[in-house]
Amino acid sequence: MCQSSSAWRSLAPPWGSWAVHCHSGPEEVLQRRGAHDQVTKRRRKVRSSCQAVLYCFDQQYSQELGDLWASARAVLLDPHSWQYGVMLNRFSAVTGVTQVLQSQGFSTLLCNGPSTLSHSKYQAGKDSLSPPDYISKCPPTDSHLQPDGTSHALGQDLQSEPSLSLSRPTLQCYIHPRPVRFPSQAHRPGQLKQYYLLNAASLLPVLALKVRDGEKVLDLCSAPGGKAVAIMQCATPALLCCNEPDPHRRDWLAKTLESFLSQPLSSRVVVSAQDGRSFGKSEAGTYDKVLVDAPCSNDRSWLYCGSQQGEQRLKERARLPALQAQLLRSALSAVRPGGVVVYSTCTLSSFENCAVVETVLKECPEAEPEDLWEEIAIPLSTYFTFRTAHLGHGQTPRKPSLQPQNGPSSSYHHRLGILVVPQPGKTWGPMFLSRIRRKK
């Protein structure tokens, strides 16, 4: 079983430095930036793409995505078009935040409990507990997108906000139809943040996991911690083991947990430092649910690395599917019979997505994939652009219907996984997710 240490921390050797920067989202990126003048200067500067990485993506994704690649490419090359979600923290007072979000035209993508997906416009944040009524008064990260005085007003709203009582766990994420930025909150020890900024597609693996109160959950590749925070918004598991072998990223993970989860939860949420490939042996059959948000060739960030780093990452890219398959096998061994594993990445690459899933399924007869198309893709198609799994080069890209599909071929592709493709006006993603149940 995972061993806890004080302040969410533990120590162990890393997997390797090449697996490190795969899951940095808006919340983490903004936290690491400097003063506001530096942020403004960096954001106004046009970001240049790595041509070697772009060429590789063009060669692969034009075949795998067909006509969708041209528009996805345009989105990925225009960071100013990227939309960000605002996930509320139920362990902090959030009513003032919801009022400001609503006034700016945000609406909620709401998950009530572990099994219901719904969209509800302008929902108030009622499912929360307030230790400190605190919010950072940091200035907006995009002054031309954020109305003047919003951050100050937000702080004023919360100073007089009464404490709220904890009720049914509810995941609430506010989204906006345009790329409107919300100010990031700085980490301050002992004070909980009220919201987490993220690519809203990154919540889909958590929704697919369908965590219920009292379950034992393993987040196998947990850093920087956004999905762990989301899991705790959805339910109150008996145990959430957040695993991260790299020391730097593990510190980052611990800081995220400290920023969003109240101290009484420290007995339920622990940080592990194992090599994720070892869980299948060391903790076989232990968990009810396992999330494998695998290290991957993060398309958004890799496009903007330097040319030398880009060349190195492309060499490393070929080794990723083997690692991903090892992690998925380990997860399937760590979950109990009848339990569920969700595998996810933030890349469009079929080699790291459905090909990995198919490889592991062939080797694990006890593993059974589940169809996420009708459960997630169809209900949320208004907000995300979905497509089904695509198995490598040379096959005709599928343009799936948003109606229920019959037949063995469509069922097979649906069960391998679903992919969120960034598109103009729906810039969420990339995000691939597949759910696999271990047979009893």
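Predicted model: local features only at pLDDT ≥ 70, side-chain atom pairs only at ≥ 80, totals over all residues.
Local features are given where pLDDT is at least 70, side-chain atom pairs count only at pLDDT 80 or more, and totals for chains, interfaces and linings use all residues. Residues are numbered from 1 along each chain as its sequence is written, and side-chain values use heavy atoms, with hydrogens and water left out.

**Nonpolar cores**

Let's start inside. A nonpolar core here is a set of buried Ala, Val, Leu, Ile, Met, Phe, Trp, Tyr and Cys residues joined through side-chain atoms within 4.5 Å. Buried means under 20% relative accessible area, exposed means over 50%, and partly exposed lies in between (1.4 Å probe, protein chains only). The largest core has 54 residues, and L204, I376, F384 and F386 touch the most other members. Helix α8 (residues 226–234) supplies the largest share of this core, six residues. Helices (H or I, at least four residues) and strands (E, at least two) are DSSP runs, numbered from the N terminus. A second, separate core holds 53 residues, including F57, V357, A367 and L419.

**Salt bridges**

Charged side chains come next. With a salt bridge taken as a side-chain nitrogen of Lys or Arg within 4 Å of a carboxyl oxygen of Asp or Glu, the count comes to eleven. Here are three of them:

| Pair | Closest N to O distance |
|---|---|
| D288 and R336 | 2.6 Å |
| R317 and E352 | 3.6 Å |

D288 is buried at 14%, while R336 is partly exposed at 28%. R317 belongs to helix α12 (residues 307–317) and E352 to the loop between β10 and α14 (354–363), 35 residues apart; R317 and E352 are both buried. Elsewhere, E370, E375, R435 and R437 are linked in a network of salt bridges.

**A helix pair**

Finally, helix α13 (residues 320–334) meets α14: their axes, lines fitted to C-alpha atoms over the stretch in contact, with angles from 0 to 180 degrees between N-to-C directions, come within 9 Å and cross at roughly 45°. Where do they touch, counting heavy atoms within 4.5 Å as contact? P321, Q324, A325, L328, R329 and L332 in α13 meet V356, V357, T359, V360 and E363 in α14.

Definitions and conventions:
Contact = heavy atoms within 4.5 Å.
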